[in-house]
Amino acid sequence: MGNYVNKIAVICLPFLLARLFQKTLGLACGFFFIASLSAFAQNSPDQPIADWPSFKKQFATESLRLLSIRCDFTQEKILSALTEKITSTGKFWFKRSNKVRMEYTHPFFYLMIMNGDKMLVRDDQKENRITIKSNKLLQHVNRIIIDCVQGTILESKDFSVNVFENDKTFLLVMTPLSKTLAEFFKNIRVRVEKKDYSVQSIEMNEPLGDRTTILFTGKTLNEQLADAMFAL
Amino acid sequence: MRCLPFSLSCFLFFWSCAPDYHLHTIPLDSGCASKIAPLPMTSSWYHASVDVTGNHWSGLVLIKSMPDSSHRVVFTNEAGLTFFDFGFSKDGKLKIYFMIKKLNKKLVVQTLGKDFELILGEPFRKGPLQSWDTGQEVYFGVKQKKETAYFITSKDCASLQRLEWGDARKRRVSVKISGPGYPSPEKIELTHHTFALRIALTRIGQE
């Protein structure tokens with residue numbers, strides 16, 4: 001009996017693993033893009049914003065002016081319990097609407113492109129094309145991304161958002177409302193520059209204390225970006 | 001000609017049942033065993049490439065050697081999100097610190113646990129060792145409940161060739177290591193022989 005169960009397990013395992021990886025990859029990539037479409041950085045004394053309705057309106061209006069972003073990024077993943085970190089760098093492009101290209105160049109190569117409801121990921125060996133519509137989790141995440149792009153993230157039903165500000169930046173503290181998102185994030189802190197409403201940094205805080213921070217530098221805004229960059 | 005499909009089926013049946021191992025027990029050469037036995041890995045980051053039944057995925061793996069001689073294994077995607085974090089205590093017991101719900105299934109945990117147990121050489125610290133000869137290679141192994149963990153060297157005991165999980169007849173999993181940096185080698189390639197799962201790890205050099 002034990003052997004029989006083992007044989008069934010061996011037959012089923014690859015399919016189970018494939019399914020699990022497919023679903024989790026889509027979700028994880030989506031989260032990453034959410035983070036990428038926002039922006040943040042560092043903080044000083046942040047105060048809750050004084051006029052919420054006015055900020056909301058202004059955020060939506062100003063976000064519309066951001067047509068494209070080209071910049072470098074530095075990503076730092078910190079495993080707090082293990083006192084370990086890994087730093088990676090690369091290039092980031094965003095083009096309105098719904099087009100993102102993120103290219104990790106050091107210390108490994110990894111490319112993610114999102115274009116509408118399609119996504120491509122490529123490492124140094126192979127590439128995967130994913131249709132967001134075929135993946136409910138990714139579809140869910142796609143909604144959030146669109147909210148970010150359209151400046152309606154403050155009305156997102158996936159996160160409760162608290163907004164703070166200092167003299168140079170806004171800080172959006174996004175706390176997941178659903179269990180699915182809460183499994184990955186304690187919160188996401190997006191810092192947005194007041195001068196142009198572009199993302200300065202993104203900090204993804206995980207439930208067990210690990211943290212990933214992406215810092216965007218050398219930004220060029222609203223230049224012409226060829227659609228070919230986002231071709232899948 | 002009419003018999004060809006039947007003959008082919010018979011051939012494939014018997015071929016698939018053919019044992020991978022033709023091991024002959026030999027006296028343990030303790031000197032060779034202690035020279036070749038996998039050393040505990042030091043802390044390193046790896047870029048992971050996973051192929052499961054035609055699907056390809058990647059991410060980052062941290063293998064961390066802890067001060068108490070235990071090991072931790074953490075898998076994140078490139079964007080930094082943690083998918084699982086487990087470890088092996090000093091006595092080799094598996095402990096899950098974190099695993100996302102979609103991966104937290106008994107079968108997945110067992111498979112990943114056994115895969116990294118072999119990569120880390122945990123079974124060989126539990127002993128006792130036995131040894132076998134195939135004519136070309138020498139197998140050193142530690143028997144567990146249903147399977148045996150092997151580390152394999154050439155007849156002249158020159159270097160570690162690979163690691164394997166297997167039962168009495170069949171090879172289940174093999175691990176090949178290559179490149180400089182041992183005991184945290186540049187490349188680690190784990191292959192399952194009973195289904196299509198391959199995990200390739202390439203060490204990441206950080207500045």
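## A hairpin in chain B

Strands β7(B) and β8 (residues 137-143) of chain B pair in the antiparallel sense over four bridges. Strands here are DSSP runs of E, at least two residues long, and helices are runs of H or I, at least four residues long; both are numbered from the N terminus. Two strands pair if DSSP finds at least two bridges between them.

This is a predicted model: local features need pLDDT of at least 70, side-chain atom pairs count only at pLDDT 80 or more, and totals for chains, interfaces and linings use all residues. Residues are numbered from 1 along each chain as its sequence is written, while chains are lettered from A and ligands numbered from 1 in the order in which they are written.

Which residue of β8(B) is the bridge partner of B:Q130? The partner is B:G141. Three residues sit between the strands of this hairpin, and B:G135 takes a positive phi near 105°.

## A further partner for β7

Strand β7 (residues 130-133) of chain B also pairs with β1 (residues 24-26) of chain B, in the antiparallel sense and over three bridges. Here B:I26 has B:S131 of β7(B) as its bridge partner.

## The whole chain

Chain B has three helices and 13 strands. Its radius of gyration, taken over C-alpha atoms, is 19 Å, close to the 17 Å of the globule rule for 207 residues, so chain B is as compact as a globular protein of that length. That rule is 2.2 Å times the number of residues to the power 0.38. The C-alpha atoms of chain B fill a box of roughly 60 × 45 × 30 Å along the principal axes.
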